[in-house]
Amino acid sequence: MTDRDQILTSLRARLLAYARRHLLGEGAEDVAQEVLVVLHEKYPQVTELSELVPLSFQVLRYKMLEVRRKAVRRGEARQVPVEDPPLPDPGDDPETVAARRQRVDRLIAGLNRLGARCRDLFRWKLEGKTFAEIQALMGQRSINTIYTWDHRCRQQLLNVLDGSWE
Amino acid sequence: MPEHDAAKMIGGYASGTLTEDERRILFETALRDQDVFDVLAGDQALKELLDDPGMRQRLIDGMGPAFAGSAGGWLSRAGVWLKRPTHLALAGSLATALLVSVVVLEVYRQGAPPPPGVVPSGSLPKADGPAKEVSPGARQQVAEPDRALRSKKPSTPAKTALQRPGGWRVTQSFSAPSQQGPARSLFFTGREDREVGSGGVAREERGVSPLEAPGQIRDRGLRRSEQSVRAVAPLGLRYRVLDRQASAAELRIEVNQTGYLYVLEHRSGGEERLLFPLQASDMPESRTAESQARVQPGSSYAVALGARLAILKDEEPYRIVAILSRRPLTDLTADSTRSVDRRLVDEARRTRPHETWVTEQVPGEGGAMYVVNPTVTPEATMAVTLTFEPR
């Protein structure tokens, strides 16, 4: 068994557990399986852990959205071949753009309710700085302090947003 | 890196802040830890938003001006904040209010009358004298040596032990089931407000009619008695054993409500001897036994134990019982021998299974133990038995 196979085996368990927590019925198994099929057939060249895991998150998200759309459009559902998954690029779809703008406005409102330290952290992250660079900017000796602050700030922001980014 | 530390990097995933090493550590953790995996999968929505450069810039623009995050930044932020006239005025007002509060509090503390049940320290016998008031300053002084004697937290709810580095070991037990909890918080939450009345008890008092003559008001005040009170807050006590020297050990007790405190020692043959308050024969004529037992918040009451603990090696375990009640438990004026009616002890020790006392030891306060009876009734009584054993 190659490293990639081992990663996919672990991923399957994690994907299945995640899908079971977020989907009702037997759809969870299908979603986990479909994600793996996409990874296997569409992205055979991706072998590194640091690429494979985030790719699985991406495909998982679209598969989950697809399942929810199907549930909403009951009776209008159309099959989407697993070999033709929705691509990450949403294009210029006005509805998508408007929804994104709304989410950004919500995020801005949430960020502005945080303390100065958290806003500094988020700003620097958005500006593309690494944690090590942020550590230097904040004058901290340990990078673990920055990890901890960021973890707390993320949790605060999530609480302000009622527990969801969307 | 431990997994719980790796999980703290989660916030860097969506924003693309992680280095290659950090990403590897985080994803390895995610494959092992379902919770981390779930959080990262949930952050995918945020990641897609932040991956759009336009949206990312909108977020940055929407967050307003940047602050510097270091200590210097904090100062600069404070400077910017203070430059606004309204903020400056607010800060000045707050500083003035704080200063006035400190001055008033200090004046109040210095001018406060002594508790009615406390004998001036000069009139107390030194060696065996059971009680004296300790001023806040004096309490500070005696607390310092005790810091070295901090003991570990109680291990069992109903019976706990305070380890001493040498000499003796103190075990405590209570007359009711107890549990560890926020007793200190309860103690101070329930601490009697000076305006409430006597002992966590509010006097059942009607408003004063403007038509009442001063004499009538005075008469009505005189008719008030401790029997017409009702409990409004949990009853609690805080105690420490100070063993600065083997021969000078003291038990220090503070209460959060005005009440009546009795400290008894258990002697061979089943006899109980009163250590606190003083007996009528030891007291100034102006004091009654009842008033002597009366204790109130803000004072520390000391019971000397040194003479007894110094000879503990050859003796059986030494037990004392501290009893706190909202009402006086017995009339001690006729008792010149200090032998105590067993009814007093029995009453205090009787078990009340429906009550659950809360206890908490605070190492930062010299190992002070807080015990609170959360039942708010006028009849509330509590008894703590301390057993001293040679180590």
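The contact (heavy atoms within 4.5 Å) involves A:Ile7, A:Ser10, A:Leu11 and A:Arg14 on helix 1 of chain A, and B:Ala30, B:Leu31 and B:Arg32 on helix 3 of chain B. Sorted by class, these are four nonpolar, one polar and two charged residues; Ala, Val, Leu, Ile, Met, Phe, Trp, Tyr, Cys and Pro count as nonpolar, Asp, Glu, Lys and Arg as charged, and the others, Gly among them, as polar.

The model is predicted: local features need pLDDT of at least 70 and side-chain atom pairs pLDDT 80 or more, while totals for chains, interfaces and linings use all residues. Residues are numbered from 1 along each chain as its sequence is written, chains are lettered from A and ligands numbered from 1 in the order in which they are written, and side-chain values use heavy atoms, without hydrogens and water.

| Helix pair | Angle | Axis separation |
|---|---|---|
| Helix 1 (residues 3-22) of chain A and helix 3 (residues 20-32) of chain B | about 60° | 8 Å |
| Helix 6 (residues 131-138) of chain A and helix 7 (residues 143-160) of chain A | about 100° | 9 Å |

Axes are lines fitted to C-alpha atoms, for helices over the stretch in contact, and angles run from 0 to 180 degrees between N-to-C directions. Helix 6 and helix 7 of chain A are therefore roughly perpendicular to each other. Their contact has eight nonpolar, one polar and one charged residues.

In chain B, helix 6 (residues 53-62) has the buried residues B:Met55, B:Arg56, B:Leu59 and B:Ile60; buried means under 20% relative accessible area, exposed over 50%, and partly exposed in between (1.4 Å probe, protein chains only). Viewed down the axis of helix 6 of chain B, the buried residues fall within an arc of 140°, so they line one face of the helix. The arc is that of the directions from the helix axis to the C-beta atoms. B:Pro53 and B:Asp61 are exposed on the face turned away from the buried side. The cover over the buried residues of helix 6 of chain B includes helix 4 (94-111) and helix 5 (116-126) of chain A, together with helix 2 (11-15) and helix 5 (44-50) of chain B.

Chain B has 14 helices and 16 strands; helices (H or I, at least four residues) and strands (E, at least two) are DSSP runs, numbered from the N terminus. Of its 391 residues, 46% count as buried.

How values were computed:
Parallel < 35°, antiparallel > 145°, perpendicular 65-115°, else oblique.
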